[in-house]
Amino acid sequence: MKGYFGPAGFLGLERRKNKMTKIDVISGFLGAGKTTFIKKLLEEAIAGEQVVLIENEFGEIGIDGGFLKDAGIEIREMNSGCICCSLVGDFGKSLQEVITRYQPQRVIIEPSGVGKLSDVMKAVRDVSADLDVTLNSSVTVVDVKKCKMYMKNFGEFFNNQIQYAGNIVLSRTDIADHDKVEAAVAMIRELNDKASIITTPIDQLTGAQLLEIIEKPDTMMEDLMAEVQEQYSDHDHHHHHDEHCGCGHDHHHEDHDHDHEHHHDHSHGHEECCHEDHDHHDHDHGDSCSCGCHDHDHHHHHADEVFTSWGLETAAPVKKEDLEKILESLAETTHYGEVLRAKGMLPTETPGQWLYFDLVPEQYEIREGSPDYTGKVCVIGARLKEDELNKAFGRG
C-alpha cells in the first residue's frame, strides 16, 4: 500500500490543524477504471488541495509513477500489507498516521478490487471516532460490459461494492450500446436504489463535475417540487381572497406569462376542474373536486397531498423532434395527467450534445447544454399517468 501526497506540499501545516479531512473511497473490481477516474479528479478538480492517495496493489498495477512525478506528487511506502486483510489493524493505523502527521485536506482511498466496500467504510468510521475526519463519498466504478458476469460469478464481493456506494460510475459506456447500459442500470438498481449512477462517458464530464456529483446529492426532483409547492401556496393565498380555483392552475392571474382567456380549454377547463360555478361557491365544502382540492378552505390541505412526482434516469439518446412532440403533449393536453412542471436533460445521438428542457402548462423551451452524469426527467402534477410517461421516455 502506498501513499501519494499532493502538489501543495503540505506547507503551512499549522493552518491545517483542527480542520476536517475529507475521505473519499473509490472502489471497483479489477480493471474497472478506478485509476482513470482518480486521475481525472487529481488533474482537474483537486489539484490545489493537500491530497493523500492511499492505494493498495493487490494483483493490479497502481497509478503510473510517471504521472505522479509529473504532477509533483511524492511517493511514500506505508506498509506492504493487503488492504482487505490488514483492514482492521495495519490499515487503520496507517490511515491514522497519515492524517495525524500530514493533516491533509482530502484522503482518497483506492481499495483492492476484491475488497469489500463496507469493510473500508467501517475502517474510516473507526478512525473518525478519534480524528477530525469525515467519510465524504463512497464511489464504485463498474465496467458496464462486465456487470452481469461479475454479479453472477463474484456475488457477495461485487454486490457489496454496489450496495454500499453513494455513487456508481459506469465505465466503457462510450463503447457499449444503450440497451446494455440500461440493463446494467436495472441490475444495479435492484441492489442499490439510492446511489447516483453516472452513465455518461467520463471523458465527456469535467473533473469539477465529477467532484460535485460525488459530493452533493442530486436534488433536482426535490427542488422542482418545492418550486411548484411555493407557486401553489401563492395561488392558494390569492384563491382564498379572490375566490379562484384551488387546482394549482392560474386561471386569470394578471401576472401570468401567457393569455388565459381560453380557460385552458384544451387541457384543464374550469368546469372540468370542479364541475361547479365557482362564482357562487354553493357546493359543499366537504366535497372533493376532481383537481384534488378536497375543500375550498385551502388553509386545511397541503400541496404535497395534491401533487405527485415522477422521475426517470436514462442513458438512451433522444432526437429533438421527438422530444418536442412529447413536450407539446405534456404542455397542451392531459394525455400524461395534469402536468404543472417538467424539467430534464437528455443526451442526443451526437456524443457530448445534450438537450435541456423546461416546461409549464402551455409553454416549454428546449436548449442545448453540456453533458450531465446521466439523462434525467422530472415531472410534477396531479393524477400523473406513469405508464404513459414511461412509454414516452423509452421505458414502456
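**The open sheet**

Tutor: Five strands make an open sheet, ordered S9-S13-S10-S11-S12, with antiparallel pairing. Strands here are DSSP E runs of at least two residues, helices are H or I runs of at least four, and both are numbered from the N terminus. Two strands pair if DSSP finds at least two bridges between them.

Student: Which strands stand at the edges?
Tutor: S9 (308–314) and S12 (363–369). Each has a single partner strand, so one side of each lacks a neighbour in the sheet. The twist averages 10 degrees from one strand to the next.

Student: How many bridges join S9 to S13?
Tutor: Seven, and the two run antiparallel. Ser309 stands opposite Ile380 in S13.

Student: Is this model predicted or what?
Tutor: It is a predicted model: local features need pLDDT of at least 70, side-chain atom pairs count only at pLDDT 80 or more, and totals for chains, interfaces and linings use all residues. Residues are numbered from 1 along each chain as its sequence is written, and side-chain values use heavy atoms, leaving out hydrogens and water.

Student: What does the chain's pLDDT average?
Tutor: The average is 76, and 67% of the residues score at least 70. pLDDT is the predictor's confidence in each residue, from 0 to 100. Over residues 57–69 it stays under 50. Residues 77–89 are also below 50. Where pLDDT is low, the predicted coordinates should not be read in detail.

Student: New topic. Which residues of H7 are buried?
Tutor: In H7 (residues 155–163), they are Gly155, Phe158, Asn159, Asn160, Gln161 and Ile162. Buried means under 20% relative accessible area (1.4 Å probe, protein chains only).

Note on methods:
Buried < 20%, exposed > 50% of the residue type's maximum accessible area, 1.4 Å probe, protein only. Axes fitted to C-alpha atoms, helices over the stretch in contact; angles between N-to-C directions. Contact = heavy atoms within 4.5 Å.
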